[in-house]
Amino acid sequence: AISQPYFELRELCDYLDKDGNTDITRKTVSWYLTKLIESGRLQRVAHGKYAVGTKQQFIIIPTDEQRSLNEELTHKWPYAHFCIYNGNIISPLQHHLSANNVTYIETEREAIVAVFNHLKDEGKVAYLRPTRELIYNYIDMSQPAIFVKPLISESPIQECGGILVPTLEKLLVDLQKDKDFFYLQEAEGVNLFQNALSLYSINESRLLRYASRRGIRKEIKTIIQTINSHD
């Protein structure tokens, strides 16, 4: 009936009511859609937009090292939030595989300097908001290191294994925006998005809302439109 990759609630209601003799209300349709989403047979890709079939959920499994770091930091700064993940989670999205063994720690701007100094005092190889030039000239991304960065307010994060990690939507936007991900931008950035869209379930509303907060909503929409035009 509906051949598009996604359909809207309005379109489904119009289709069901095309003969003008249905007793199904919009509220009832919404209820059935919710049940289909819960069963995994349908996915919500944006507000009022749905896609048939299932895709993988982007799942991050924290390592013991990341759990230990989280426990250490939350004990020392109990009122701060810490989003912690390793760069190897990007590998499934890459077209040209680039080694990344960096652990990223994101926290409130007021805490990043103190967190960075603490990590250095503990003898860890840590960098505070490293620039493109610093990474390109002096940092071997294949070797263990820690990048301390500010956590953007209202970032779409999730709890996995007891620690906060980025959602796929946050990760995709950050890869396009942050200077320390320079090697994954431009053409490779489009490839990342294409792989993400084909492999994983993505909440478009969440993606664009966060992109707006980072000031790159237009750029993200252009990437998505470019990919869709080639499908």
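Let's start at Phe-147, which counts as buried because its relative accessibility is 0% (buried means under 20% relative accessible area, exposed over 50% and partly exposed in between, with a 1.4 Å probe and protein chains only). Bear in mind that this is a predicted model, where local features need pLDDT of at least 70, side-chain atom pairs count only at pLDDT 80 or more, and totals for chains, interfaces and linings use all residues. Residues are numbered from 1 along each chain as its sequence is written, and side-chain values use heavy atoms, leaving out hydrogens and water.

Now for the rings. The structure holds 6 aromatic pairs; rings of Phe, Tyr and Trp (its six-membered ring) pair if their centres lie within 6.5 Å, and planes under 30 degrees apart count as stacked, over 60 as edge-to-face and the rest as tilted. One of them joins Phe-58 to Tyr-200, edge-to-face, at 5.2 Å centre to centre with 90° between the planes. Phe-58 sits in the loop between strand 3 (49-52) and helix 3, and Tyr-200 in the loop between helix 7 (187-199) and helix 8 (204-213), so this pair ties together parts 142 residues apart in sequence. Phe-58 is buried at 10% relative accessibility, and Tyr-200 is buried at 9%.

Back at Phe-147, its ring and that of Tyr-127 have centres 5.9 Å apart and planes at 90°, so this pair is edge-to-face. Tyr-127 counts as partly exposed, at 23% relative accessibility. Ring pairs also link Tyr-127 and Phe-147 with Tyr-85, Tyr-104 and Phe-181 into a cluster.

Finally, look at Asn-70, which counts as buried at 11% relative accessibility. Leaving aside neighbours within four places in sequence, Asn-70 is in contact (heavy atoms within 4.5 Å) with Phe-82, Ile-84, Gly-162 and Ile-163.

Definitions and conventions
Helices (H or I, at least four residues) and strands (E, at least two) are DSSP runs, numbered from the N terminus.
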